[in-house]
Amino acid sequence: MIVLSAMCWAAGSLYSRGAPLPKRPLVSAGLASVCGGVLLTAYSLMSGEFGEAEWTRDATLALGYLVVAGSLVGFSTYVWLLRSAPTSLVSTYAYVNPIVAVFLAWVLLGEEITVQMIVAGAAVLVSVATILRSSRTTVEPRRGLLKRHALAGAPASEPMA
């Protein structure tokens, strides 16, 4: 299911670049959140999980954080970036999000951070930095279309490799 969900996320991200979506990213994020919430609520009712929820203080705070930071801020920003930056660069957020989650769990909940987590986080950060640094593309304003930088001294009409 994890691989299938990642594939669906990638397909949706690519589709959204040319799809007729609302102009405001917050509206797109809101529609996606409402649809996801309705589907998950229906599933939890059908499976009997809804009655098993324990609404502790920590659970409520975590849910509030996920709604505000994860959905409203994070997803709205992601939708906006999909329209104005190359997909390869925008997708790097997926690698950084778990690092932020681990850091917040350590700071707010006192979770233990292991050496393995530090090594994995460092590998992710180096990978994202490499992707960002090796990208020689710019984005045409408001279109999200890639343009290659011209090399110094090369005529503008020659195609770049």
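## Basis

The model is predicted: local features need pLDDT of at least 70 and side-chain atom pairs count only at pLDDT 80 or more, while totals for chains, interfaces and linings use all residues. Residues are numbered from 1 along each chain as its sequence is written, and side-chain values use heavy atoms, with hydrogens and water left out.

## Overall fold

The protein chain contains 6 helices and 2 strands, in the order α-α-α-α-α-α-β-β along the sequence. Helices (H or I, at least four residues) and strands (E, at least two) are DSSP runs numbered from the N terminus.

Of the 161 residues, 12% count as buried; buried means under 20% relative accessible area, exposed over 50% and partly exposed in between, with a 1.4 Å probe and protein chains only. Among contacts (heavy atoms within 4.5 Å) with a separation of 6 or more, 63% are between residues 24 or more positions apart.

## Largest pocket

The largest pocket holds about 1700 Å³ of space. On a 1 Å grid over the protein atoms alone, a pocket is an open set of points where a 1.4 Å probe fits, with protein on both sides within 12 Å along at least five of seven lines. Points are joined across faces, edges and corners, and the volume is the space filled by probe spheres set on them.

The lining of this pocket has 47 residues, with L66, A69, G70, S71 and F75 nearest the centre; a lining residue has an atom within 4 Å of a point. At least two lining residues come from each of α1 (2-16), α2 (25-47), α3 (57-84), α4 (87-90) and α5 (93-109). The most come from α3, with 17 residues. By type, the lining has 33 nonpolar, 13 polar and 1 charged. Here Ala, Val, Leu, Ile, Met, Phe, Trp, Tyr, Cys and Pro count as nonpolar, Asp, Glu, Lys and Arg as charged, and the others, Gly among them, as polar.

## Helices α5 and α6

The axes of α5 and α6 (residues 115-134) come within 9 Å and cross at roughly 145°. Axes are lines fitted to C-alpha atoms over the stretch in contact, and angles run from 0 to 180 degrees between N-to-C directions.

Y95, V96, I99 and V102 of α5 meet M117, G121, V124, L125 and V128 of α6. The residues of this contact are 8 nonpolar, 1 polar and no charged.

## Residue S44

S44 is part of helix α2. S44 counts as buried because its relative accessibility is 12%. Leaving aside residues up to four places away in sequence, S44 touches E49 and F50.
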